[in-house]
Amino acid sequence: MESLKNEMKMEFLAASSNEGFARVAVGAFVAGLNPTVDELADIKTAVSEAVTNCIIHGYEQKEGHIWIQCSIEGNKVEISVMDVGKGIADIAQARAPMFTTKPELERSGMGFAFMEAFMDTVDVVSEPRKGTCVTMRKTIGEG
Amino acid sequence: MDYKYKKEYGCLILKMPAELDHHAAEFLKEEADGLILRYPVRSLVFDFADTSFMDSSGIGVIIGRCKNVRFGGGYVKAVHLNEQIRRVFQISGLRKIMEVE
């Protein structure tokens, strides 16, 4: 099998209208790996969760930019979603299912749980007032 | 027939947007609450026939509307879920709190 290597980076405004754009762009990028319909849906859902977190929590719906870096090596995909917003004080608490700092916005607190359910690994690097970078990895074609 | 919502036999059927993410959720919440107030129905149906995608932002909207309807003793269900949305319902536990058809 030919070894596939590819990379892309994108930067866009932290606007909710860009959530769809971001997940579709990443979906189109990874389409070259011939993922199954389910695998593609998994990746798009995880990207949507990460980008939504940047908008709602990172920038608290104020102006800011979001960066996505995506790389493919063989059948492995790595996606990083980054903001330079508020940062997360307690990462373990933020990752706990059902935990949310924004219940008034009817947030379910399932964002990180979804990323973890749909991707193989999820790493979070964050510092208060500096920003957050979420890196997710998934191997395509392993069922 | 194309519709955004319809009322049938005391039941309010809400057509979900094409992609139910945080962006769509904001509009949907207001619209749905307005309809629930206007039509005090016994049951609420979320119709996903035209919806190809949903993420965790959709869960908050659905749970919130369920509370509003159940407060008045009503009942809720979700219909026409595709595979992606079915999995979102499964993982989030939504399937345990409402009927899925």
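Predicted model: local features only at pLDDT ≥ 70, side-chain atom pairs only at ≥ 80, totals over all residues.
1. Phe114(A) and Phe118(A) are both buried (under 20% relative accessible area, with a 1.4 Å probe and protein chains only). Both sit in helix α4 of chain A, 4 residues apart, about one turn of the helix.

2. Residues are numbered from 1 along each chain as its sequence is written, chains are lettered from A and ligands numbered from 1 in the order in which they are written, and side-chain values use heavy atoms, without hydrogens and water.

3. The rings of Phe48(B) and Phe89(B) have centres 5.8 Å apart and planes at 90 degrees. Phe48(B) lies in the loop between β4 and β5, Phe89(B) in helix α3, 41 residues apart. Phe48(B) is buried at 1% relative accessible area; Phe89(B) is buried at 0%.

4. Helix α4 (residues 111-118) of chain A packs on helix α3 (residues 83-92) of chain B at about 115 degrees, axes 11 Å apart (lines fitted to C-alpha atoms over the stretch in contact, angles from 0 to 180 degrees between N-to-C directions). Phe114(A), Ala117(A) and Phe118(A) meet Arg87(B), Val88(B), Ile91(B) and Ser92(B) (heavy atoms within 4.5 Å).

Key: Helix = DSSP H or I, 4+ residues; strand = E, 2+ residues; numbered from the N terminus. Buried < 20%, exposed > 50% of the residue type's maximum accessible area, 1.4 Å probe, protein only. Phe/Tyr/Trp six-rings, centres within 6.5 Å; stacked < 30°, edge-to-face > 60°.
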